[in-house]
Amino acid sequence: YSPITQLKSSYSFSQKIDVQSILGKAEFYIKEYILSAVIDSPIADPQQRMDQAVNSFNDKFLNANLLTRLSRLSKEQFNRPLFKNASGQEVTIDLLSDGEKQLYGRVISLMILNPHNSMILIDEPEISLHPAWQQKIMQIYSKIGRNNQFIVATHSPQIIASVPYQNRILLRKEQNKIIPIHLNQPPSGLDVNTILSEIMGASPIPPEIVDLHRQYRALVENKKEQSPEALAIRQKLSEESEHSQFMQEMNFLIDLRDL
């Protein structure tokens with residue numbers, strides 16, 4: 001006999017959580033979280049205890065725009081967690097979207113530990129998460145436990161944009177040393193493109209498209225937008241989108257110039 005769980009629920013000063021080992025067992029840990037909350041509840045009525053436990057789980061995911069909520073533990077299926085989807089149907093976790101499975105799996109381990117007065121280190125929480133969930137993951141983590149400090153290593157512009165600029169520290173390699181850079185002012189915007197360009201040093205537009213933009217702009221400024229060269233460039237750019245921001249800007253410049 002060997003136990004299924006890989007996580008000790010007793011809180012200790014230093015504890016490492018192997019997220020990969022938990023992801024495939026998220027259903028088991030959700031069930032354990034609910035049953036533990038029911039056991040610890042001082043409420044006499046058993047249904048009220050269960051409702052309180054389910055609500056405490058769902059409260060962590062408020063404002064995360066999930067399409068499902070934990071509904072109950074199924075007595076007919078050995079206390080298997082059931083989730084209610086947008087159409088009101090009760091489904092098991094294997095029928096949820098991959099993003100929701102990842103989100104529940106990554107968060108449930110901390111929910112069981114319920115850390116307090118702690119420093120929590122998280123490495124790349126964005127792995128395998130849809131960008132929409134990446135925007136919400138730190139908000140969800142912040143609702144777990146109390147009086148905790150999170151230190152997160154990430155390459156996700158969505159996660160970076162979701163936290164105040166005062167809390168961002170950029171690590172840069174200079175002369176074989178890792179130098180921390182504290183940002184003393186916010187970027188010019190909170191959109192992903194601004195985070196990519198101003199903080200992460202990556203262009204949101206592929207270099208070959210940037211070069212085509214430069215060439216086409218020069219031709220428009222010299223009134224050569226109908227030249228064979230300009231039409232060939234426009235054809236390449238139209239594969240990107242004829243209604244892209246750049247093409248709208250160029251059309252506006254042409255119209256303004258011809259007034």
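These legends cover close-up views of a predicted model. In this model local features need pLDDT of at least 70, side-chain atom pairs count only at pLDDT 80 or more, and totals for chains, interfaces and linings use all residues. Residues are numbered from 1 along each chain as its sequence is written, and side-chain values use heavy atoms, with hydrogens and water left out.

**View 1. The largest nonpolar core holds 37 residues.** A nonpolar core is a set of buried Ala, Val, Leu, Ile, Met, Phe, Trp, Tyr and Cys residues joined through side-chain atoms within 4.5 Å. Buried means under 20% relative accessible area, exposed over 50%, and partly exposed in between (1.4 Å probe, protein chains only). Ile34, Phe57, Phe61, Phe83 and Ile108 have the most contacts inside this core. Two or more residues each come from helices H2 (26-40), H3 (46-59), H4 (98-113) and H5 (131-141), and from strands E1 (69-74) and E4 (119-123). Helices (H or I, at least four residues) and strands (E, at least two) are DSSP runs, numbered from the N terminus. H4 is the top contributor to the core, with seven residues.

**View 2. Isoleucine 108 and its neighbours.** Leaving out residues up to four places away in sequence, isoleucine 108 touches Ile22, Tyr29, Ile30, Tyr33 and Phe57. Contact means heavy atoms within 4.5 Å. A second core of 12 residues is separate; Tyr216, Ala230, Met250 and Ile254 are among its members.

**View 3. Arginine 80 pairs with aspartate 94.** Their side chains form a salt bridge, at 2.9 Å from N to O. A salt bridge is a side-chain nitrogen of Lys or Arg within 4 Å of a carboxyl oxygen of Asp or Glu; the count by this rule is seven. Arginine 80 sits in strand E2 (residues 80-84) and aspartate 94 in the loop between strand E3 (90-91) and H4, so the pair ties together parts 14 residues apart in sequence. Arginine 80 is partly exposed at 26% relative accessibility. Aspartate 94 is also partly exposed, at 42%.

**View 4. Threonine 92 lies in the loop between E3 and H4.** Threonine 92 is buried, at 10% relative accessibility. Its side chain makes a polar contact of 2.5 Å with that of aspartate 94. A polar contact is a pair of N or O atoms within 3.5 Å; within protein, one must be able to donate a hydrogen and the other to accept it, and residues adjacent in sequence count only if both atoms are side-chain atoms. Beyond four places in sequence, threonine 92 touches Glu27, Gln77, Arg80, Pro81 and Leu82.

**View 5. Glutamate 249 bridges to arginine 217.** The closest N and O atoms of this salt bridge are 3.1 Å apart. Glutamate 249 belongs to helix H10 (residues 245-257) and arginine 217 to helix H8 (residues 207-221), so the pair links parts 32 residues apart in sequence. Glutamate 249 is partly exposed at 33%. Arginine 217 is partly exposed at 27%. Elsewhere, salt bridges with shared partners join Glu27, Arg80 and Asp94 into one network.

**View 6. Strands E6 (residues 169-174) and E7 (residues 177-182) run antiparallel.** Six bridges join them. Two strands pair if DSSP finds at least two bridges between them. Arginine 172 has isoleucine 179 in E7 as its bridge partner. E6 and E7 form a hairpin with two residues between them. Glutamine 175, in the turn, has a positive phi of about 55°.
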